[in-house]
Amino acid sequence: MSKERFIVAITGASGHIYGIRLLETLRELGLETHLVMSRSAIVALAHETDLKLKDVHALADCVHGNDDVAAPISSGSFRTRGMIIAPCTTKTLGEIASGACGTLVSRAADVVLKERRRLVMMLRETPLHLGHLRNMVTVTEIGAIIMPPVPAFYPKPATIDEIVDHTVGRALDLFDLDSGRFKRWKEPSADVRK
């Protein structure tokens with residue numbers, strides 16, 4: 001394996017910009033990205049961005065259909081560094097928590113967990129009911145990390161891009177990947193790459 005592989009999934013919750021920024025950042029970091037989008041994500045894309053589907057696909061090295069459960073990322077023998085689902089719906093959360101993996105998004109997440117690789121789920125839903133909270137406990141117990149995209153305000157962000165960069169950077173920190181795109185607590189802002 002010449003380049004490290006990384007799986008990015010985008011599901012139908014609000015917050016497509018997080019998945020898109022992840023793809024942009026992982027490309028800058030030199031990782032091979034594998035993208036899978038749910039049908040709802042494809043529908044929601046037009047409501048949140050000016051990008052076309054082909055524009056998002058162009059950001060990834062490989063694109064897989066969500067119904068292609070025989071794609072390479074559905075197998076544990078296909079080595080990856082891990083997976084981020086950004087944004088992650090409560091439906092996807094429920095599928096992963098139950099182990100009922102009928103789509104490539106949930107199957108790839110299940111594989112990442114069984115192989116003891118890192119899975120970060122940027123859950124984008126609020127408010128949450130007890131069923132959501134129980135599913136969050138279940139996936140945490142089996143190894144996933146729930147990381148809702150909650151903005152940090154100590155860097156005094158001036159734009160939405162700065163808020164997104166900070167959240168994406170913190171998510172990549174969980175993989176020991178430094179995006180270099182956000183100001184860390186009590187570190188000089190001169191280190192921030194734009």
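Glu4 is partly exposed, with a relative accessible area of 38%, and Arg81, at 25%, also counts as partly exposed; here buried means under 20% relative accessible area, exposed over 50%, and partly exposed in between, with a 1.4 Å probe and protein chains only. The model is a predicted one, in which local features need pLDDT of at least 70 and side-chain atom pairs count only at pLDDT 80 or more, whereas totals for chains, interfaces and linings use all residues. Residues are numbered from 1 along each chain as its sequence is written, and side-chain values use heavy atoms, with hydrogens and water left out.

Glu4 and Arg81 form a salt bridge in which the closest N and O atoms are 2.7 Å apart, a salt bridge being a side-chain nitrogen of Lys or Arg within 4 Å of a carboxyl oxygen of Asp or Glu. Because Glu4 lies in the segment before β1 and Arg81 in the loop between β3 and β4, the pair ties together parts that are 77 residues apart in sequence. Helices (H or I, at least four residues) and strands (E, at least two) are DSSP runs, numbered from the N terminus. In the whole structure, the search finds 14 salt bridges, and the table gives three of them.

| Salt bridge | Closest N to O distance |
|---|---|
| Glu4 and Arg81 | 2.7 Å |
| Arg170 and Asp173 | 3.1 Å |

Glu24 and Arg21 are separated by about one helical turn, because they are three residues apart in helix α1 (residues 16–28). Of this pair, Glu24 is partly exposed at 29% relative accessibility, while Arg21 is buried at 8%. Arg170 and Asp173 are likewise three residues apart, about one turn, within helix α7 (residues 160–173); Arg170 is partly exposed, with a relative accessible area of 39%, and Asp173 is buried at 19%. Salt bridges that share partners join Arg21, Glu24, Glu28, Asp161, Asp165 and Arg181 into one network.

Leaving aside residues up to four places away in sequence, Thr103 touches Asn66, Val69 and Glu95, contact meaning heavy atoms within 4.5 Å. α5 itself is mostly covered, as eight of its eleven residues are buried, among them Ser106, Ala108 and Val112. The cover over these buried residues includes β1 (5–10), β2, β3, β4 (82–88), α4 and β5 (118–123). Just after α5, Arg116 takes a positive phi of about 60°.The largest pocket holds about 340 Å³ of space; on a 1 Å grid over the protein atoms alone, a pocket is an open set of points where a 1.4 Å probe fits, with protein on both sides within 12 Å along at least five of seven lines, and lining residues have an atom within 4 Å of a point. Its volume is the space filled by probe spheres set on the points. Asn66 is among the lining residues closest to its centre.
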